[in-house]
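Biologist: I am new to this one. Can we go through it in short questions and answers?

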Amino acid sequence: KISYCWHKNGGKLTSPNFTVDKLDGTTWELELYPRGEDEEDEGHISLSLLRSIEDDGPENISIKYELSFQAADRSAFCCKKTEDEFKRGKGYVFGNFFKMDKILLRRNSDYLPEDILTVRCKIWKGDGNIQNVGQSSARSHIRVEKNSFLHVVENFGTLQTNKKNTDCIRVDDLEDDIVQQLLFFLYSDNIENLQWETAPQLYYAADKYDIGKLKEVCFSFLVENLTTTYACELLLLADTHNDNDLKKSVEDFILEHEEEIFVSKEWDIVVKKNPLLVIKTMQLKYQRKN
């Protein structure tokens with residue numbers, strides 16, 4: 001499966017091979033590294049053009065080529081145009097092709113029309129301008145939809161006409177801003193301006209999708225910023241996720257502030273939602289007294 005948002009540094013999306021008959025029958029593929037090809041490229045999108053080891057062309061071929069992204073108005077931006085000699089099975093990579101946050105974190109509509117990132121590749125042979133030697137293209141569509149992640153590798157290589165390959169991870173139970181913060185963390189390993197209103201939802205997402213570092217960040221924030229107002233909500237959260245460490249921290253806090261919490265409207269909500277949890281908390285209270 002291909003899942004864009006879980007890619008780490010060095011992880012890549014690879015297009016199907018596409019053959020250009022008028023370029024001596026050579027066969028090519030594109031590789032896109034969402035978080036950079038190596039450590040030096042982290043924070044950038046890396047893009048490479050490779051020649052297949054199994055094509056019918058000569059051992060070496062010199063071509064001119066242009067790699068770019070396509071903007072909303074279908075114009076090219078971030079163009080890399082050069083000429084190289086390609087040995088069969090070898091290629092070239094642009095490590096710092098484009099800063100990732102300009103496209104994916106800011107969700108600039110100029111770069112992501114309808115939340116789709118399109119990669120363009122033009123290849124030609126000979127001097128001067130592009131000749132009429134036939135056209136092949138490869139596109140990668142990477143989409144983030146409202147209230148969900150939908151990462152699509154669609155029609156990557158137009159030689160496979162009308163075929164679609166779609167793999168997606170849907171997150172239908174998160175708000176838009178939570179999706180964006182989660183996406184930001186996956187690309188940057190940072191959370192900006194974490195607030196109590198969003199931390200429980202991010203904790204929920206981190207636990208559900210096994211994002212250990214984010215779960216640790218949310219755990220620390222929730223415990224360090226615990227108040228009598230939020231203690232009951234956090235107790236329910238810890239119990240739902242079977243997080244014994246978080247649950248113990250909240251129980252300790254509740255029993256330290258029991259006179260205020262046990263008469264609160266928030267505690268009444270816990271009583272209605274999870275009476276067994278209330279019983280266990282009260283049992284813990286008397287066990288500690290003994």
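Biologist: Is Phe 98 buried or exposed?
Modeller: This is a predicted model, so every value here is computed from predicted coordinates. Buried means under 20% relative accessible area. Phe 98 has a relative accessible area of 12%, so Phe 98 is buried.

Biologist: Which kind of aromatic pair do Phe 77 and Phe 98 form?
Modeller: A pair of aromatic rings is described by the distance of the centres and the angle of the planes. For Phe 77 and Phe 98 the centres are 5.7 Å apart. The planes stand at 70 degrees, and over 60 counts as edge-to-face. The pair of Phe 77 and Phe 98 is edge-to-face.

Biologist: How many residues apart in sequence are the parts that this pair ties together?
Modeller: Phe 77 lies in strand S6. Phe 98 lies in strand S7, residues 91–99. The pair therefore ties together parts whose separation in sequence is 21 residues.

Biologist: Is Phe 77 buried or exposed?
Modeller: The cut-off for buried is under 20% relative accessible area. Phe 77 has 13% relative accessibility, so Phe 77 counts as buried.

Biologist: Which residues do ring pairs link into a cluster?
Modeller: The structure holds 11 aromatic pairs. Ring pairs build a cluster from Trp 28, Tyr 65, Phe 69, Phe 77, Phe 86, Tyr 92, Phe 94, Phe 97 and Phe 98.

Biologist: What is the order of the strands in the open sheet of 3 strands?
Modeller: Strand S5 covers residues 60–70 and is joined to strand S6, residues 76–87, by 10 bridges. S5 also pairs with strand S8, residues 118–124, over 7 bridges. S6 and S8 are the edge strands, each pairing on one side only. The order is S6-S5-S8.

Biologist: Which residue in the turn between S5 and S6 has a positive phi?
Modeller: S5 and S6 run antiparallel. They form a hairpin, with 5 residues between the two strands. In that turn, a positive phi of about 75 degrees belongs to Arg 74.

Biologist: In S8, what is the bridge partner of Phe 69?
Modeller: S5 and S8 pair in the antiparallel sense. Ser 68 has Arg 120 as its bridge partner in S8. For Phe 69, the bridge partner in S8 is Val 119.

Biologist: How many residues of S5 are buried?
Modeller: S5 runs from residue 60 to residue 70 and is mostly covered. Of its 11 residues, the number buried is 9.

Biologist: Which residue in S7 stands opposite Leu 50?
Modeller: S4 is joined to strand S3, residues 26–33, by 6 antiparallel bridges. In that pairing, Tyr 33 has Ser 46 as its bridge partner. S4 and S7 also pair in the antiparallel sense, over 6 bridges. In S7, the residue opposite Leu 50 is Gly 91.

Biologist: Is Lys 247 buried or exposed?
Modeller: Lys 247 is found in helix H6. Leaving aside neighbours within four places in sequence, Lys 247 is in contact with Leu 235, Ala 238, Asp 239 and Leu 277. Its relative accessibility is 15%, so Lys 247 counts as buried.

Biologist: What percentage of the residues of the protein count as buried?
Modeller: The protein has 9 helices and 10 strands. It exposes about 15,400 Å², with carbon and sulfur atoms supplying 43% of that area. Of its 290 residues, the share that counts as buried is 47%.

Conventions: Residues numbered from 1 in each chain as written. Predicted model: local features only at pLDDT ≥ 70, side-chain atom pairs only at ≥ 80, totals over all residues. Heavy atoms only, no water. Helix = DSSP H or I, 4+ residues; strand = E, 2+ residues; numbered from the N terminus. Buried < 20%, exposed > 50% of the residue type's maximum accessible area, 1.4 Å probe, protein only. Areas by Shrake-Rupley, 256 points an atom, 1.4 Å probe, with all protein chains shown as cover. Pairing = 2+ DSSP bridges. Phe/Tyr/Trp six-rings, centres within 6.5 Å; stacked < 30°, edge-to-face > 60°. Contact = heavy atoms within 4.5 Å.
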